[in-house]
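Try each task on your own before you read its solution.

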Amino acid sequence: MTRILRLTLNGRARADAVADNLLLIDYLRDAARLTSVKQGCDGGECGACLVLVDGSPRPACITLAAQCEGAKVETLEGLSGPGGALSPLQRAFHERLGAQCGFCTPGMVVSATALLRKTKRPDEGAIRAALEGNLCRCTGYVKIIDAVQTAAAEMAADQTAEAAG
Amino acid sequence: MNAPARTATRAAGTRTPLVDGIEKVTGRARFTADLAGDAAVARILRSPVAHGVIRRIDTTAAEALPGVLAVVTGADCAHPFGVLPIAMNEYPMARDRVRYRGEPVAAVAAVDAATAARALKAIELQIDPLPAYFTATEARAPDAVLLHDDKPGNVEREVHHVFGDPDAGLAEADLVRTATFTCAEINHAQMEPHAAVAEWVPGREELIFHSVTQVPFYTHKHLARCLEMDPAKIRLVKPFVGGGFGSRTETLNFEIIAGLLARRTGGRVALVLSREETLISHRGRPETEVTLALGMRADGRLTACKAEVVMRGGAYAGYGIVTILYAGALLHGLYDLPNIRYDGYRVYANLPPCGAMRGHGTVDVRHAFETLVDRMAHELDLDPFTVRRANLLEAPLFTPNGLMVNSYGLPDCLDRVEAASGWKERRGKLGPGRGLGMACSHYVSGAAKPVHWTGEPHAVVALRLDFDGAVTALTGAPEIGQGSSTMVAISVADTLGIDVGRVRVVCGDSATVPKDNGAYSSRITFMVGNAAIGAARNLRTELAQAAAAKLEADPADIDCAGEVFSVRGSAQSQLTWAEVVAAALAVDGPITVKGSFTTPEKAQGGGHRGGAVGSTMGFSYAAQVVEATVDVDLGRITVDRVWVALDCGFAINPLAVEGQIEGSVWMGMGQALMEETRYAEGLPLHASLLEYRVPTIADSPPIEVHIVESVDPLGPFGAKEAGEGALSGFPPALAAAVADAIGLDMDALPLSPDRVLEALVAKRRAAQRAKRREDA
Amino acid sequence: MTEALADFTLHRPESLESLAILRRAVPEARLIAGGTDLLPNLRRGLVDAPALIDLTALPDFAEIEPLAQGALRLGAGLRLADLARAPELAGPRQAVAEAARGVAGPAHRNAATLGGNLCQDTRCLYYNQSDWWRAANGYCLKYRGDTCHVAPQGKRCRAAFASDLAAPLIALGAEVALAGPVGERRLPLADLYRDDGADHLALAPGEVLIAVHLPPFAGLSAYEKARQRRAIDFPIAGVGAALARVTGGWRLSLAVTGTDSRPVAIAGIDDALDLPLSDDMLARIDKAVQKQVTPMRSTMISSHYRRLAASALARRLAQRLAEQARDAR
């Protein structure tokens, strides 16, 4: 069966005809051309396809597009700041070498974004817990943890500055 | 001294984020599968049988299905391919005979995935089974059917190398120990599954080919060969690549298949493999059995080594000959050990072909060596550091097997990790179940002889300078996440005295870049770095002439730093970059220069058969200490912390060097703790990322990196490799930590909970038996 | 484009009545909530269903409801992430939160539900593979074949049930509420399961698990699982333990998941205990677990290891809870 799927994708309302058996990952990559959503495994094992659904990370490769009716969906493409500026997390992943080959990076940044929206200054344990479903094969995770810590510190400093100003 | 001083204005030696990093963190990076667009969907039909003769492939019904655009089989390509010109025995799709479960036998292109899947089911395939062999022992049995008729005993290559007098060496020793180590087969499990997008351009009869390859040049060659095309009619593009670690260091069957299907459809096809298929494509580290005898004097001095290595290589040659040669060659070059005997056997079996994987050839042998050294040190009541220090080399030298060692930072590496880990103060005092272990390792900085010998330089970099003032570096060196493009940018910028941001690196499109052998054997920094410096020097010469003309000075006196040209010793005469570029272009228009690198003859190894493998311009050296805790109830090991020091000669980009060291240590941890393939009659039980276990962040320790800079005389800025050398030290350091923690010696990898627990149970039983004997 | 899923129609009923109508109309329909168990199986061609019924719009489906005397009703649609941080599960019943926290990774826990976790399919190395793989292996007793590759001589499927939550919930005496064509019924959770990997759920046709009821409980509980990695992996042996304050002492309940085709409630250890636990008692626990669990070669890790790990965990948890109980007195 085909239906009209209405959702908010990276801040913009969309309506698309989708088959009931269409996976969210295929909808995002093929229909919406959001190719940051990566297929790294054969279903739910690696975390490269994570997107935010109503603010929470979800594996797009084992989610049906039709289940996202009315939802607010965000992919890595939608996480940059105004004017395409790098978010603190994106900048930290870049500057601290949290991304080597970059294939797991979309999922990593999505998981870390959800964490930092909820927890302003997560300790290392909280960062590890938030990223435990995201596999990376390049970094040994050392610089990924560093990147999240760096971004969190920068965001906290910005907020302090704002509050003071 | 070729290493630059670290100053604020020098690019080399400065922590530099990757020049292609922004795309990765914003989602703009396009990997091969991202380029599929509306391409036809291709799928591969794979053999369900491990070994057999193909009696019939009937594709009529598949071809008749609406929406099916093309079907190809082994009959469509009669040319074998393979990494070594002397060992090409693999076809993109099996012809006549299949040799492993999962080997491609046919492929389809269709309008969508569902149609392609239906088409695969519609192909009739009849295979008469032959006896199949899944272990090296079975395959080597006297009555075993041969996988390849020209390889008696199913042995792809035997190697017997003797240097010095190993028997006399063992006779001199105070302690001789022999042990056999079994290391499981592992896979690269790079995060990006294999993919190729191929486009046939009708009318021009050209092929535009995108792939995940680490070796675009080899793939270009093999596409031309297998498709019987003029290489000039092929454009090979390497988009962003999601890791390699050796999995894409040779042309792979799916790449040729994608090319065949594109031509047959006359359009674009996307062949994106599943994770299962990617694991079946394999080319990983083979299951290896190492039997090792070492002689040691009471003071820790090693006297001799005898090693017998058997590798189960899978069904086709791949890199097998190189792997079995590396395993023996790299017994040399780490320690001063003149007496070495090596016997290696690379064996065919009915399993997916093995290949090159990070630390190619050396990892399992180094594990055995270091582990046995640790045990012998314990037996002789010597500190493991003392034993290593008793066996150090003194560079420069040539090893007994002819390997050139010009720089040797291992002593510093030992000092650094010994101090950082608190080895002297903490070892033996960590409490029950906790221990410290250490090990050393090394790796080549580029194979001094490429597998495809052409006589050309090993690396060429071209630079273009035009009106916009940007310096465009053209390199065939495939950036696959390791940071090679950033290394090129830094090398060029530093040599010219300009900002890294002014250098634009173009890599991986055969239409524009000079040929490069590829991303393997840790060759890029050493070879391409030197070529980049050479090219930049040539550009500097042209710019200096232009500047000198304007400043009325001798070109030899012109300096450029911070994008400002000046006459040495004069504060007044200065020109901006733009002014000098304008002046230089006015001479003869836009400038194109190149630089190249060729390995010196003396670096190319000994004259014995196979002596080129292992030869290199310089070795990286590493020492590491691992702290681990063992839960004896569950047999579970926790890696608490790692201290690692690596001599990379000079860190052109310390940020990337750290990343490479961390990643390689961690990959060694995966092999040491949990990674292994397993087959049920040749079917991969590990065919997913749930069953092929890559460590999660929750399993991964902090890794403290110390960079040691021995400044190699031939390296670019003194640099050597950084991405492989530390890997092979991790498994033995962990085994030593486990021995230190609970007194348990393990002879198998990985040190998985079941193996640890079973060894503990066996040890307890043995102790009980011994006690009963004593009581009796 | 990933491998196309077989065609199906997705329904999303908003009441138990319309659910019942749907189930009568499309009896072969499969239920889906978070999809983290069903969709990987759909992708591998392990599910043949013309329709899926999405349960997430049912009323009161994702509520935690305190009942009289400290009993608790957990809606089957509760996400595992919610269970992991529910204050109602922070005290004596923390084993449930611990189990929820240990499932897969955070993104899965945001999607996966309590009901889905308890009704998840059994798992086996010879089953959770692609269609090509299974076809090459002649399929298996669980699906489309007639041999169990794990125990070829046996008559039944030996796939293992790997729900983390089942173990602590059984140890805590949970019952499940099942809504069916003839109304609602309650069943001890342990009785929801059958010892057959190919048919492990004792649900009547048309029945849906809609809630879990936890009886009043005074005491301590814990859950721990053995697995090769500290995240993502299913339990190769998971043990839920509850130490209840009873008249005259304490009573220990243990349940093991991941080893058998159903969770195993460990029998023969339910006499009243004195604290601290004696070495004899610990040895009895050890022996009881080793005897009652029957892991087979359905995982990469050996069945022998799973048995040893289950008993080691049971012993350790019992000892830990006993120590905590003693300290708390």
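**Exercise 1. Find how many salt bridges there are between chain B and chain C, and describe the contact around them.**

Solution. Keep in mind that this is a predicted model.

Step 1: Start with the charged pairs. The count between chain B and chain C is six salt bridges. One of them can be inspected directly: B:Asp699 pairs with C:Arg230, with 3.8 Å between the closest N and O atoms. That pair qualifies because the cut-off is 4 Å between a side-chain nitrogen of Lys or Arg and a carboxyl oxygen of Asp or Glu.

Step 2: Ask which elements of chain B take part.

Step 3: The size of an interface is often given as the accessible area lost when the parts come together. Chain B and chain C bury about 3400 Å² between them, with 55% of it on carbon and sulfur atoms. Chain B brings 41 residues to the contact and chain C brings 34.

**Exercise 2. Is B:Ser407 buried or exposed, and which side chains does B:Ser407 meet in polar contacts?**

Solution. 

Step 1: Locate the residue. B:Ser407 sits in the loop between strand 17 (404–405) and helix 12 (410–420) of chain B.

Step 2: Check its accessibility. B:Ser407 has a relative accessible area of 3%, so it counts as buried, the limit being under 20%.

Step 3: Look for polar partners. The side chain of B:Ser407 makes a polar contact of 2.6 Å with that of B:Asp712 and another of 2.9 Å with that of B:Lys720.

Step 4: Widen the view. Leaving aside neighbours within four places in sequence, the residues in contact with B:Ser407 include B:Ala395, B:Phe619, B:Tyr621 and B:Pro713.

**Exercise 3. Work out which residues B:Leu260 touches, not counting those up to four places away in sequence.**

Solution. 

Step 1: B:Leu260 belongs to helix 7 (residues 253–265) of chain B. Its relative accessibility is 4%, so B:Leu260 is buried.

Step 2: With the sequence neighbours up to four places away set aside, B:Leu260 touches B:Val72, B:Asp76, B:Cys77, B:Met93 and B:Leu227.

Step 3: Take B:Val72 from that list. B:Val72 and B:Leu260 are 188 residues apart along the chain, yet their C-alpha atoms are separated by 7.4 Å.

**Exercise 4. Describe how domain 2 and domain 3 of chain C meet.**

Solution. 

Step 1: Chain C is assigned domain 1 (1–57), domain 2 (58–214) and domain 3 (220–328). The centres of domain 2 and domain 3 are 19 Å apart, taken over C-alpha atoms.

Step 2: Describe the contact. Here 39 residues of domain 2 meet 32 residues of domain 3, and the two domains bury about 2600 Å² between them.

Step 3: Look at the pairs. There is one salt bridge between these domains. C:Lys225 forms a salt bridge with C:Asp164, the closest N and O atoms being 3.0 Å apart.

Step 4: Trace the domain 2 side. Helix 4 (94–101) and helix 8 (166–171) of chain C each supply at least two residues, and helix 8 gives the largest share, five residues. This side divides into 22 nonpolar, eight polar and nine charged residues.

Note on methods: Residues numbered from 1 in each chain as written. Chains lettered and ligands numbered in written order. Predicted model: local features only at pLDDT ≥ 70, side-chain atom pairs only at ≥ 80, totals over all residues. Heavy atoms only, no water. Contact = heavy atoms within 4.5 Å. Buried area = accessible area lost by both parts, 1.4 Å probe. Helix = DSSP H or I, 4+ residues; strand = E, 2+ residues; numbered from the N terminus. Buried < 20%, exposed > 50% of the residue type's maximum accessible area, 1.4 Å probe, protein only. Polar contact = N/O pair within 3.5 Å; in protein donor to acceptor, adjacent residues only side chain to side chain. Domains from an automatic or database assignment. Nonpolar A, V, L, I, M, F, W, Y, C, P; charged D, E, K, R; others polar.
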